[in-house]
Amino acid sequence: MSKQEKKNILITGGAGFIGSNTLEFLFKKYPNYNFIVLDALTYAGDIKNIPDYIKESKNFKFWYGDIRNTKLVEHLISQVDTVIHFAAETHVSRSIYDDANFFETDVMGTHRVTNAVLRNREKIKRFIHISTSEVYGTALKKKMDELHDLNPASPYAAAKVGADRLVYSYVNTYGIPAVIIRPFNMYGPKQHLEKLIPRFITSCILNEPLTIHGSGNSERDFTYVEDLVRAIDLILHAPDSKVKGEVFNVGSEKSISINKIAFIITRLMKNIYKKHKIKYQQSTMNNIGDRPGQVFRHTADASKIKKILGWKPAIVFEEGLEMTINWYLENKDWWQDKIWMRHVPVETDKGKMEMH
Ligand SMILES: NC(=O)c1ccc[n+]([C@@H]2O[C@H](COP(=O)([O-])OP(=O)(O)OC[C@H]3O[C@@H](n4cnc5c(N)ncnc54)[C@H](O)[C@@H]3O)[C@@H](O)[C@H]2O)c1
């Protein structure tokens, strides 16, 4: 398949963090492609995430709707040759507080999307399902490859395992042209304030304490969102023989503790404020109880995607963080009305309600 061959792509969840970054990247890189976004604009989606120049283009259509709507999903998938499926409920803490939507959207919604791909299998050339490293649970070995056990530690992770294995079963049973991507933690512009890095950054901007779960020693593998988007682009254009039916991790292969992330963000903020001659009052750290369903360490083994597709992350952590901090500093209008959603009530294993 040549890169210039025209594609018609449906992106579910294209008004969310990763979906909208993917849309922008592909739209700029492939001006002859057509894009449809299907998004229910839940609290996590934001139509402002799709820039006006895309909204106004004849190559773009936005459908406000739900992936659980069988008729709508089948109608849209019958018009395309490629599906990239991001739409999901995505916040671990929220899944502890109220998980019904997680199983309905992440599992049953993926069922509708995958069934519609099956019904249109003559036309669909590639179906990219976005899973997550959360399916693995805590790392049982130094680096986690695609064969790591699936030990989901939270309802979000369990719902994503359901979706991931559902897609896999359709590859086995019906031979649909699916590829499963398991991104580790992502960060970058347009990420909702409920997620760790935007929460820390905006707390610093607002001069509030940074809330850290437990000791802060748990470790995550963070990758800048554009690096994931480049992996998606490679998978989109790879021959069937390299990717069909495969699972690919995408991560930096380096894990970093939550305490260290908080420390680096406060240091970078200090430098940025100094450069702009703004007085900076350093935020304090506020340790609260550990989140139930906590994963203690995640470190990717991304050797498969490196070897098969030549992917590697291009943006080092501090560089990506600086770009992200600058984006939040320059886009206060985007996040101001999301401030109240940064914390979610969670019932701990001792039955105590805590804001996480
Ligand atoms: N952000 C990360 O660090 C990360 C890491 C690994 C995997 N993922 C996966 O990547 C995908 C995208 O994550 P994100 O961080 O961009 O999430 P997000 O919460 O920012 O966006 C999710 C989008 O899906 C939409 N949506 C939710 N329910 C829907 C429904 N029923 N029908 C249609 N649209 C619906 C929302 O409106 C929103 O626009 C998800 O599948 C997530 O599990 C994310």
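Residues are numbered from 1 along each chain as its sequence is written. Because the model is predicted, local features were required to have pLDDT of at least 70 and side-chain atom pairs were counted only at pLDDT 80 or more, whereas totals for chains, interfaces and linings use all residues.

The protein chain contains 13 helices and 15 strands, where helices (H or I, at least four residues) and strands (E, at least two) are DSSP runs numbered from the N terminus. Its radius of gyration is 20 Å, close to the 21 Å that the globule rule gives for 356 residues, so the chain is as compact as a globular protein of that length; the radius is taken over C-alpha atoms, and the rule is 2.2 Å times the number of residues to the power 0.38. Along the principal axes, the C-alpha trace spans about 60 × 45 × 40 Å. Of the 356 residues, 46% count as buried, a residue being buried if 20 or more other C-beta atoms, placed from the backbone, lie within 10 Å of its own. Among contacts (C-beta atoms, placed from the backbone, within 7 Å) between residues at least 6 apart in sequence, 82% join residues at least 24 apart.

Leaving aside neighbours within four places in sequence, Val83 is in contact with Leu10, Ile77, Val113, Val117, Ile124 and Phe127.

In helix H7 (residues 196-205), 8 of the 10 residues are buried, so this helix is largely enclosed by the rest of the structure. Phe200 is one of these buried residues, and the elements covering them include strand E7, strand E8 (210-213) and helices H10 (258-275), H12 (317-330) and H13 (332-336). H7 is followed by Asn207, whose phi is positive, near 60°.

The ligand is surrounded by 30 residues, of which the closest are Gly13, Gly16, Ala44, Gly45 and Thr132; a residue is counted as near if its C-beta atom, placed from the backbone, lies within 6 Å. Helix H1 (17-29), helix H5 (100-119) and strand E7 (185-187) each supply at least two residues of this shell, with the largest share, 3 residues, coming from H1.

How values were computed: Contact = placed C-beta atoms within 7 Å. Buried ≥ 20, exposed ≤ 12 C-beta atoms within 10 Å, placed from the backbone.
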